[in-house]
Amino acid sequence: IIEILFFYSNITSLSEILSFLLKIFLENELSILFLKKIIPYLIIYSIFFFFLKKKLKKLESFMYAFSLVFLMILVYNISERYSNYDRITLNAQTKNFNKKVLWIVLDEFDPEIAFKVNNLKNFENLMNEALVLNNSYSPSSHTMESIPGIFMSQSIKNTRYSKNKVYFTNYFSNEELAFEFKNTFLSQLKEKNYSFNIVSEVLPYCFMLGLESNCVNKTNKLSNYFDGIISSLTPIKYLEKFQKKIKSFNRYDLEKIQDFNKNYEIDSNFIYSQKLKFNFKKLKKELYSKENVSFVHLFLPKHDVIASDYVTDFYNMNSSENFEKYKIMLNYSDLMIKGINKLIEKISNKNTMIILSSDHWYRNASKEIKPSLFILKILGDNSKIINDKKVMNIFIPDLILGFLNENLNSHSDINKFIETLDDINMAHIKNNINRNENFYGN
């Protein structure tokens, strides 16, 4: 295979070949899980091999062990590049450090199911002091189209994949644009001297936007490799049991789960994403960070990805029924909002805005187009506004820029801005519900 790759491609080094093969391998989440689980055991094996293998000389034994450990670190490094989260920070000479936007995208959050079926209390508490859009629609039924559409403020007519880039054709102009930094609102932030960062466990924004040189990891790389190795040996359910925070549910019981959520105290270690090692403490840091815009993209409440399995471990609930799993995820998302509400209570700075949105609805429940989540809270503004206007959520970048530029300073201002938007044409939502998507995300 290596000889063929050398001969028929432009790949000229063993490391590039390894990266190429691993990239293909690592596009499958099960492959990623297998790789990360097996690495610690291979390292342990290499250590035992060094001490127990008698047929080889000590030097050969040492070289073997060293080479194996080095290879495992290299494999882990490449796997992290293609499978782990992005932490992009682009600093600028910010003209207004006081303005702050925390934008959280919840994957596949369906407001109709969340609020009509589950009656999520903490969401309700937040919505009672926020601007809520009941008919905010995403440009597509799939993450890989809806998020780029929002970032580029584009409705999506056609999609084309080529050489690890995604190209979109706009409904109105028929212009084809690649999903890259210069075509997104992030470039506008940079032009206006606003800073931003991105934290994501869903899409590899760092790679897709061509911002790999701006991807920041503030801790030592070698330390990160072994952190990952150690964490793979300590499943979260045992840590949670040690902390005595698990309650067992043999079946889905909304009343009991919500009673458990009501009495659950959010602390700094409450997990928003196990994959990111992103907890309440880190969310608080994002809210207080110096960047003008912090964008956080979480798998919650998506139930059918490995990265979300920690939620069923948290409730110690085993269910084979997808809809029950999804409702469990919604209730865990409500705990996340409990943490956000806890932060909001301590801050009254009207220069801070929190946006909660989703990339699309819960496709497994409906093939029909349904609204996505949109809740906006300016801290210190406790007015409740419910807007039923049908709009496509590609307006979010303009809203953020308007807030940073001090043109939109209250829930009322933003509601008036929403009213000026064109009514949505439902035919412009790309509802490719039956597509088998495996490019970057779901």
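I looked just past helix H16 and found Glu406 with a positive phi of about 70°. Helices here are DSSP runs of H or I with at least four residues, strands are E runs of at least two, and both are numbered from the N terminus.

The model is predicted, so I note that local features need pLDDT of at least 70, side-chain atom pairs count only at pLDDT 80 or more, and totals for chains, interfaces and linings use all residues. Residues are numbered from 1 along each chain as its sequence is written, and side-chain values use heavy atoms, with hydrogens and water left out.

I checked H16 itself, residues 396-404: eight of its nine residues are buried (under 20% relative accessible area; exposed is over 50%, partly exposed in between; 1.4 Å probe, protein chains only). Among the buried ones are Ile396, Pro397 and Phe403.

Next I searched the whole structure for salt bridges (a side-chain nitrogen of Lys or Arg within 4 Å of a carboxyl oxygen of Asp or Glu) and got nine.

I looked up Lys370 and found a bridge to Asp110, with the closest N and O atoms 3.0 Å apart. Lys370 sits in the loop between strands S12 and S13 and Asp110 in the loop between strand S2 and helix H5, so the pair ties together parts 260 residues apart in sequence. Both residues are buried.

Lys370 also bridges to Glu112, at 3.8 Å between the closest N and O atoms. Glu112 lies in helix H5, 258 residues from Lys370. I read Glu112 as partly exposed at 41% and Lys370 as buried at 9% relative accessible area.
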